[in-house]
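Please consult the sequence and structure shown here alongside the text.

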Protein chains: 2
Amino acid sequence: MKTDLDRLMAERGLDAFIVLGRAHNNPIMYYLTNGAKLTVAEVVKRRGQPAVLIHGDMERDEAAKSGLITRSRNDYDFIGILQQEGDRRKAMVRYFAKVIVDLIGVRGNVGVYGTADVGATLALLTDLRQVLPGIEFVGEADASIFDIAMMTKDANEVERIRRVGQLTAEIVAETVDFLRGHAVRDGKLVRRDGRPLTVGDVKRVIRRMILERGLEDPEEVIFAVGRDAGVPHSHGEEQDELVLGKTIVYDIFPREAGGGYFFDMTRTFCLGFAEPEVKATYDDVRGCMETVIAAMQPDGLARQYQELACDYFEARGHPTIRSDRTTLSGYVHSLGHGIGLQLHARPSLSSIGTNEDRLVRGAVFTVEPGLYYPERGFGVRIEDVLYVDENGQFHNLTNYPKDLVIEMK
Amino acid sequence: MKTDLDRLMAERGLDAFIVLGRAHNNPIMYYLTNGAKLTVAEVVKRRGQPAVLIHGDMERDEAAKSGLITRSRNDYDFIGILQQEGDRRKAMVRYFAKVIVDLIGVRGNVGVYGTADVGATLALLTDLRQVLPGIEFVGEADASIFDIAMMTKDANEVERIRRVGQLTAEIVAETVDFLRGHAVRDGKLVRRDGRPLTVGDVKRVIRRMILERGLEDPEEVIFAVGRDAGVPHSHGEEQDELVLGKTIVYDIFPREAGGGYFFDMTRTFCLGFAEPEVKATYDDVRGCMETVIAAMQPDGLARQYQELACDYFEARGHPTIRSDRTTLSGYVHSLGHGIGLQLHARPSLSSIGTNEDRLVRGAVFTVEPGLYYPERGFGVRIEDVLYVDENGQFHNLTNYPKDLVIEMK
C-alpha cells in the first residue's frame, strides 16, 4: 500500500523518488495521482515527506483532483527556461535541476520510475548527472518499491477490482446468451442474414458490452477458436467462424475507463458438444485449478503453486514448461500474476528463476492453468481472480460457473 | 518515413538502435512492427540492415504479422538464462548482451527508443555498460530519428488518418443531432425522463459512437461547458448540464482501435443562441484560423504561423502567451501539432524555444487557435487537421462546417 512507500524507500536507501512520463498508461503515475487526468506531470517525493505533483499550467483543475500538494511547471519558470535555452534538451535539464534542488536537495539517492520515453529519459539523466553530481539516480529493475507497495491492496482498491469483476462476469454471461441466440447451420453459428457468425462479430459485441459498463479494453479481448485457442496469446482471427465442438478460449481483461483497475478472467467453451479428448483435457485443467487453490496458504511462496500445477499435469501425462522449457504443447506458461492498475503485476505465480513472491495478505492475483495442443487444434484455459484478505482468508472474486459446453437451443 | 531511418541514423552517428517496451501504447514499436499485437518485444536494427523483431515464444503468430525478420526470445535461451541466473535483473542483462552481440556487435553507438519502464531501463543500461564497454547507449531527447521519420507520412498512413477523420466528422455530426433531439426546459436540455441532460450522458453516447466505428478513445474526449470550456485541458465535468447560450468546447481525438492512427478535431458550439461577446470571440478565432491557413507554405517554418496567430489576436486586443507567458486568459497555447501514431507529434506549431520544425511535405498536423476567458465563463477553440502532399499542396482532412450556434428545434 502507499503507506509502505517510506519504509520501502528506507530499505533501499532511497532519499527521494521522481516519477516521470504521461499520466495515461503510466500505472505508477495513476497510483500516486489518484487517476487525475493529466497529460504532463512529474511527481517528486522525499522520504518522509508528502509527494508533490508538478503539472502543466493548463491542467491545474485536473491536478487539484489528485489530492496531492501541487506545483505548476511555471512555478519553476518552465516556459521562461524554454525561451531562454531554446534547445529543449538543455531546457529540460535546467528545469529538472531546479525542481530537484527545490524539492530534494543537491545530494542523495533518487529512484527514477514511470513509463516514459526511454531515450529522452536517458538523455535527461546523463545531463543531470553533470549538473547535480551529488545526486545518484537509481533504477530498480525488479521488485521495485512500487511493485511491492502496489502488490497489497487497500479496501477501496479491492472493492474497485471486485466491481470490475462483477461487470466482467456479466459480460461473459451476456456473451454466452448472444452466442446461444444464433441458429446453427452445417455445424456453424449463422446470423439472421444467413452469413456465418465470425469472431469479429462477437468481439464487436463484447467491446460494446465493455463500454456500456463504463469499462475499457486497452489490451484487446482474446476470443480464439480451435487451433488459435491452442496458442495462448493469439487474440483470435476476425474472420474465423464459430464451429460447433471447437474450443473457444475467451479471455477478457477490461479495466475501469480512463486507466483504472483491471480484472482478468478466462473461460473455455465448446458450442453444442465437446470431443472426448477436449472434455478430458478440460477436466484436467479444472482439476488442477481446484487442487492449487485448495492448497493455497496466506504468505505461501507463489512458485510452489506453479510447481504443484506442473506436478498435477505431468502426473496426467502432459508436457509442461518445467519438463521442457521450450514446449509449445501442454502447460506452457505460469500459473498466474498479480493484478491491479497493471494487468500483469506482483505476485508472480511463476517458478522461473528465483521468484520469491508470496501470496501476501492484500494480494489480488489470477490463477489460470491451461493446456494447449495447437497441433491437435485446441486449447483450454480457465482463469479466476483471488484475493487474500488481512486475516489470510482467500476470496474468489470471479463469480461465474465453469461449464465447458454451451448447449445450443 | 521509415525509409529515412538509415539516413537519419547516419546523420546522428548511430550504428544501430534498440526499441524497448511493450507493443501497446508504444508508438515507435507499433510503427516498426506494423501494429502486430505483441505484449513482449524488442526491435533491433543495424544501420543498413533490416530490423529484427524478437518476440515472446507464445506470440510467434502475432509477430509474423509484423512483416519483419523475427526471432524468438528463446532463440537466445531467454528462459534458460532466467533459470540459471535466478535474479531477473542479471538475467535481463545477459539476455540483452547476447542479443546485442548477435545482432549489432561489441562496439558502436546504439540509440535507445521506446515507451517503457524508465527505472528498469536505467538499471539495464547501467549493467550493460559494464558487460559491453564498447557499446555507447545514446538517448535522443528531442527531434529523434523517429520524431523526424514519423513526421512524414506515406500514402497509406495519410489514407488511414483521412479515414479516421471522416469517421470523426460523422461522430460530431451525430452528436449535434443527438443534442438537437432534446427538449429545452428552463434554458436547459432535458431527457425524456425529465432530468437534465448532462455532460456525462453526452460522453457516454460519444464513446459508443467511437466504438461502433472501430475506433477507440484512449485519451478521453473533451466536452467542456462554460467556465470549463475556458480551461483548455479541462475534460468537462460529468454532472454539468447543457445550458443554452453557454460555450461547449468539443475536442475529439479518437484513434484506430488497437493503437493505430489518431485524428483530432475541435468545434465550439452554443446551443440555441450565442451572446454577442462569445460570437465576437468566435469570429476572431475563426478569422485567425483562416488567416494562418491561407498564409501556410510548404516547408514553411512552423513557428512563424504561431507568431502570425499571436499578431492576429493581439491586434484584436486579446492577451497571448507571447505577450504574457503565464496568462490564463486569451490565447494561451500553441497553434498546433503533428499527428499520427501519437496524438502530439512533430511538427510543433509553437514559437517557444528554438523550434525549427517546418511544414514539410508529408506532414499531417493540427491547426487549433483558441481564446479562453474562464473568468467570464467561456472559451472557444476550433481545430482542423491539415496535410501537405508531396507537391506542396495543403489538404484539409476535416470535413465539417464551422458554425457556432446549434439551432434547437
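Residues A:R207, A:R208 and A:L211 in helix α9(A) meet B:R207, B:R208 and B:L211 in helix α9(B), where two residues are in contact if their C-beta atoms, placed from the backbone, lie within 7 Å. The residues of this contact divide into 2 nonpolar, no polar and 4 charged; Ala, Val, Leu, Ile, Met, Phe, Trp, Tyr, Cys and Pro count as nonpolar, Asp, Glu, Lys and Arg as charged, and the others, Gly among them, as polar.

The model is predicted: local features need pLDDT of at least 70, side-chain atom pairs count only at pLDDT 80 or more, and totals for chains, interfaces and linings use all residues. Residues are numbered from 1 along each chain as its sequence is written, while chains are lettered from A and ligands numbered from 1 in the order in which they are written.

**Helix pair α9(A) and α9(B)**

- Two packed helices are described by the angle between their axes and the distance between the axes.
- The axes of α9 (residues 199-212) of chain A and α9 (residues 199-212) of chain B come within 10 Å and cross at roughly 165°; axes are lines fitted to C-alpha atoms, for helices over the stretch in contact, and angles run from 0 to 180 degrees between N-to-C directions.
- α9(A) and α9(B) are therefore roughly antiparallel to each other, a term for angles over 145 degrees.
- The crossing of α9(A) and α9(B) is right-handed, meaning that the near helix is turned clockwise from the far one by less than a right angle.
- Helices (H or I, at least four residues) and strands (E, at least two) are DSSP runs, numbered from the N terminus.

**Contact between chains A and B**

- Chain A contributes 62 residues to the contact and chain B contributes 62 residues.
- On the side of chain A that touches chain B, the elements that each supply at least two residues are α3 (60-64), α4 (78-85), α5 (88-103), β5 (108-113), β6 (115-117), α6 (118-131) and α9.
- α6(A) provides the largest share of that side, 9 residues.
- The residues of the side of chain A that touches chain B divide into 23 nonpolar, 23 polar and 16 charged.
- β6(A) and strand β6 (residues 115-117) of chain B pair in the antiparallel sense over 3 bridges; pairing requires that DSSP finds at least two bridges between the strands.
- The bridge partner of A:A116 in β6(B) is B:A116.

**Strand β11 of chain A**

- In β11 (residues 222-225) of chain A both faces are covered, with A:I222 and A:A224 on one side and A:F223 and A:V225 on the other all buried; a residue is buried if 20 or more other C-beta atoms lie within 10 Å of its own, exposed if 12 or fewer, and partly exposed in between.
- β11(A) runs antiparallel to strand β12 (residues 247-252) of chain A and is joined to β12(A) by 4 bridges.
- A:I248 in β12(A) stands opposite A:V225.

**Backbone geometry**

- Most residues other than glycine have a negative phi, and most peptide bonds are trans.
- A cis peptide bond with omega of about 0° joins A:R346 and A:P347, and A:P347 lies in strand β16 (residues 345-349) of chain A.
- In chain B, a cis peptide bond joins B:R346 and B:P347, with omega about 0°; B:P347 is in strand β16 (residues 345-349) of chain B.
- A:D299 has a positive phi near 65° and is placed in the loop between α10 (276-295) and α11 (303-315) of chain A.
- A:D299 is exposed, with 11 other C-beta atoms within 10 Å.
- B:N25, which is not a glycine, has a positive phi of about 55° and belongs to the loop between β1 (16-19) and α2 (27-33) of chain B.
- B:N25 is partly exposed, with 18 other C-beta atoms within 10 Å.

How values were computed
Parallel < 35°, antiparallel > 145°, perpendicular 65-115°, else oblique.
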